[in-house]
Amino acid sequence: MSAFVVAPETISSVVDVLAKHEKVDNRDLLAKRLFLLNVESVNQRYKLKDNEAEELRKEYEDYIGRAAKIRYKKQPDRHPAQHIQAVRCWIYQSCEGNCESDPLFLAVRKIRDKESLAVASEIIGSPVSNDDRACNIITNYIDKNKLDSAWD
């Protein structure tokens, strides 16, 4: 498995989905936390922070420096399927090492599961109760309608 730091637009989309289900007092702070968890996942995958290669240590320091500048930015109107794909992308890129046991990661995954079923059900007009089926429905919808699925 590979991992990368997702784009700020992806982070903002995840914030939008979370805010739909939970009270979010500070969207900028949540965006920073999501970004830093994603960076830590990449660090745990590639050992950037303590790497012998100066280039990789510098890359990690650059990411940490960028965290201070991360701000939530309301995303343009997009189909809910696009937001779910952004959440799925963030989850996949943020699950390395012990990151997948972080409470924030677990909360995002729980909301993703709930929202995926709702969006897939809306797309086909009948209830969907299986997450794998929901993922297929959402992916097919995005492909069929030639929608952007990620911003990375």
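Reader: How many helices and how many strands are there in the chain?
Author: The model is a predicted one. From the N terminus on, its elements run α-α-α-α-α-α. The chain accordingly holds zero strands, and the number of helices is six.

Reader: Which radius of gyration does the chain have, and what would a compact globule of 152 residues have?
Author: The C-alpha trace spans about 55 × 35 × 30 Å along its principal axes. A compact globule with 152 residues would have a radius of gyration near 15 Å. The value for the chain agrees with this, at 16 Å.

Reader: How are helices α1 and α4 oriented to each other, parallel or perpendicular?
Author: Helix α1 covers residues 8-21 and helix α4 covers residues 80-93, and their axes are 8 Å apart. The packing angle is about 110°, and angles of 65 to 115 degrees count as roughly perpendicular. The crossing of the two is left-handed. Helices α1 and α4 are therefore roughly perpendicular.

Reader: Which residues of α4 does α1 meet?
Author: On the side of α1, the contact involves Thr10, Ile11, Ser13, Val14, Asp16 and Val17. Their counterparts in α4 are His83, Ala86, Val87 and Trp90.

Reader: How do the residues of the contact of α1 with α4 divide by class?
Author: The contact brings together residues such as Ile11 and Val14 in α1 with others such as Val87 and Trp90 in α4. By class, the contact has one charged residue, three polar residues and six nonpolar residues.

Reader: Are α5 and α6 oblique or perpendicular to each other?
Author: Helix α5 spans residues 103-124 and helix α6 spans residues 131-144, with axes 9 Å apart. Their angle is about 55°, whereas the perpendicular range is 65 to 115 degrees and the parallel one lies under 35. The crossing is left-handed. The two helices are therefore oblique.

Reader: How many residues of each class make up the contact of α5 with α6?
Author: Helix α5 contributes Arg112, Asp113, Ser116, Leu117, Val119, Ala120, Ile123 and Ile124. Helix α6 contributes Asp131, Arg133, Ala134, Ile137, Ile138 and Tyr141. By class these are four charged, one polar and nine nonpolar.

Reader: Is Ile123 buried or partly exposed?
Author: Ile123 lies in helix α5. Beyond four places away in sequence, Ile123 touches His79, Ala81, Ile137, Ile138 and Tyr141. Its relative accessible area is 24%, and buried would require a value under 20%. Ile123 is therefore partly exposed.

Reader: What distance separates the C-alpha atoms of Ile123 and Ile137?
Author: Ile137 is one of the residues that Ile123 touches. The two are 14 residues apart along the chain, and their C-alpha atoms are separated by 7.7 Å.

Reader: Is Glu115 buried or exposed?
Author: Glu115 is found in helix α5. Leaving aside residues up to four places away in sequence, Glu115 touches Val17, Lys20, His21 and Ile84. Its relative accessible area is 5%, and values under 20% count as buried. Glu115 is therefore buried.

Reader: How do the residues of the contact of α2 with α5 divide by class?
Author: Helix α2 (residues 27-46) packs with α5 at about 105°, their axes being 10 Å apart, and the two are therefore roughly perpendicular. The contact is made by Leu30, Arg33, Leu34 and Leu37 of α2 with Leu104, Phe105 and Val108 of α5. These divide into one charged, no polar and six nonpolar residues.

Reader: What value is phi of Lys47 near?
Author: Lys47 is placed in the loop between α2 and α3, and Lys47 is exposed, with a relative accessible area of 55%. Its phi is positive, in a residue other than glycine, and is near 55°.

Reader: What value is phi of Lys146 near?
Author: Lys146 is located in the segment after α6. With a relative accessible area of 75%, Lys146 is exposed. Its phi is again a positive value in a residue other than glycine, near 50°.

Methods:
Residues numbered from 1 in each chain as written. Predicted model: local features only at pLDDT ≥ 70, side-chain atom pairs only at ≥ 80, totals over all residues. Heavy atoms only, no water. Axes fitted to C-alpha atoms, helices over the stretch in contact; angles between N-to-C directions. Helix = DSSP H or I, 4+ residues; strand = E, 2+ residues; numbered from the N terminus. Parallel < 35°, antiparallel > 145°, perpendicular 65-115°, else oblique. Left-handed = near helix turned anticlockwise from the far one by under 90°. Contact = heavy atoms within 4.5 Å. Nonpolar A, V, L, I, M, F, W, Y, C, P; charged D, E, K, R; others polar. Rg over C-alpha atoms; globule rule 2.2 N^0.38 Å. Buried < 20%, exposed > 50% of the residue type's maximum accessible area, 1.4 Å probe, protein only.
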